[in-house]
Amino acid sequence: MSEHIVPVRIYVTIFLVLLVGTALTVLAAFQDFPGPLNTIVALTIAVTKATFVVLYFMHVRYSSRLVWVIVASALFWMAILFALTFSDYWTRNWLSVGY
Amino acid sequence: MDATTEEIHGHRALQHHFENMEQQREAGTLGMWVFLVTEIMFFGGMFLAYTLYRSTYPAAFASASNHLDITLGALNTGVLIFSSFTMAMAVYFTQVGKQRSQVICLVITLLLGLTFLGVKAKEYHDKYEDRLIPGYLIPGRSYKPEVAQEGDHDPHKLHLLGNATVRQVELFYWIYFAMTGMHALHMIIGAGLLTFLLIFSLKGRFDPEYHSPVEVIGLYWHFVDIVWIFLFPLLYLLGRHLEHG
């Protein structure tokens with residue numbers, strides 16, 4: 001068998017990391033950080049947790065290059081979805097066109 | 001006769017259009033990932049709507065979010081993370097050929113999934129009682145939350161922050177029910193898939209050479225977990241720091 005079997009030790013570690021991440025995000029939510037920092041902290045923790053799930057629970061770290069390309073393409077198209085939509089909404093007030 | 005049928009024809013689960021089990025497994029995993037990309041785009045549209053309306057009505061989103069039950073939300077996050085762990089362990093035990101442990105892990109994963117749905121149903125019922133389900137389709141309970149006045153701490157009333165209005169809060173609840181509802185539907189489908197896995201697992205259908213169904217349904221289950229990892233902070237935690245300020 002040529003397939004990589006992820007050791008139990010790694011699964012347990014990731015599980016604990018995810019639980020700690022959940023506790024951290026709840027604790028951080030009750031702190032009043034300046035400006036948009038609350039959202040940035042919450043999203044950073046969520047992205048970190050998701051990355052651990054994708055790399056280890058979903059075995060992407062040990063998968064073929066083709067799987068990496070597919071996963072990256074999802075992020076790429078998400079970026080297009082957000083970038084093009086907000087390039088519209090965020091710039092609507094830049095020009096006054098006399099309505 | 002020295003060679004067994006398996007050595008001549010390959011594994012009994014090998015389909016004729018694949019060279020060997022490894023190629024078949026990799027094709028299956030790749031196909032599942034392509035499907036998950038479409039799922040990411042599907043949920044992506046709702047995350048986009050969320051981002052857009054949250055940036056338009058920040059005070060209303062914070063007020064509405066603070067009405068959600070943070071304890072139940074955090075509990076459900078823990079339940080889902082635990083279920084992802086047991087799902088990963090089910091894949092592991094299949095890969096090393098321990099059928100009994102594999103069955104136990106699948107049963108725990110299924111029970112945790114059902115626990116999540118039970119807690120979610122309780123949360124939905126609370127919102128029904130507080131008249132927070134948007135629209136007019138709920139008989140006798142159409143959207144009409146009671147608004148708390150200054151100094152009133154009744155948790156069943158809506159505590160509006162800043163210039164938030166009841167109508168803007170309704171927009172948050174549209175998005176809340178759409179996103180958690182679609183997520184719950186994925187959980188229900190996932191529970192069905194796990195039941196299917198469990199039946200075939202009990203029949204001893206999977207072994208270290210053939211475990212693609214466990215692996216692929218595992219990928220789906222982890223994906224649904226990831227969606228919740230984002231939904232929890234975005235829906236439940238966004239306005240907590242303003243609550244006692």
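Let me start with a lining: sorted by class, the second largest pocket is lined by nine nonpolar, 10 polar and nine charged residues. Nonpolar here covers Ala, Val, Leu, Ile, Met, Phe, Trp, Tyr, Cys and Pro; charged covers Asp, Glu, Lys and Arg; the others, Gly among them, are polar.

This is a predicted model, where local features need pLDDT of at least 70 and side-chain atom pairs count only at pLDDT 80 or more, while totals for chains, interfaces and linings use all residues. Residues are numbered from 1 along each chain as its sequence is written, chains are lettered from A and ligands numbered from 1 in the order in which they are written, and side-chain values use heavy atoms, with hydrogens and water left out.

What is a pocket? On a 1 Å grid over the protein atoms alone, where a 1.4 Å probe is used, a pocket is an open set of points with protein on both sides within 12 Å along at least five of seven lines, and lining residues have an atom within 4 Å of a point.

The second largest pocket has a volume of about 760 Å³, volume being the space filled by probe spheres set on the points, which are joined across faces, edges and corners. Its lining counts 28 residues, and those closest to the centre are Asp152(B), Lys157(B), Leu158(B), His159(B) and Glu243(B).

Now the largest pocket, at about 960 Å³. It has 32 lining residues, with Val47(A), Leu75(A), Met78(A), Ile40(B) and Phe230(B) nearest its centre. Two or more lining residues each come from α2 (37-57) and α3 (65-89) of chain A, and from α2 (21-56) and α7 (212-236) of chain B. Helices are DSSP runs (H or I, at least four residues), numbered from the N terminus. Which element gives the largest share of this lining? That is α2(B), with nine residues. By class, the lining has 26 nonpolar, five polar and one charged residues.

Next, α2(A). Its 21 residues should span 30 Å at 1.5 Å a residue, and the end C-alpha atoms are 29 Å apart, so the two agree. The expected span is 1.5 Å times one less than the number of residues. Its buried residues (under 20% relative accessible area, 1.4 Å probe, protein chains only) include Asn38(A), Lys49(A) and Phe57(A). The buried residues of α2(A) pack against α1 of chain A and α2, α4 (70-95), α7 and α8 of chain B, with contact meaning heavy atoms within 4.5 Å. After α2(A) comes His59(A), with a positive phi near 65 degrees.

Terms used. Buried means under 20% relative accessible area, exposed over 50%, partly exposed in between (1.4 Å probe, protein chains only).
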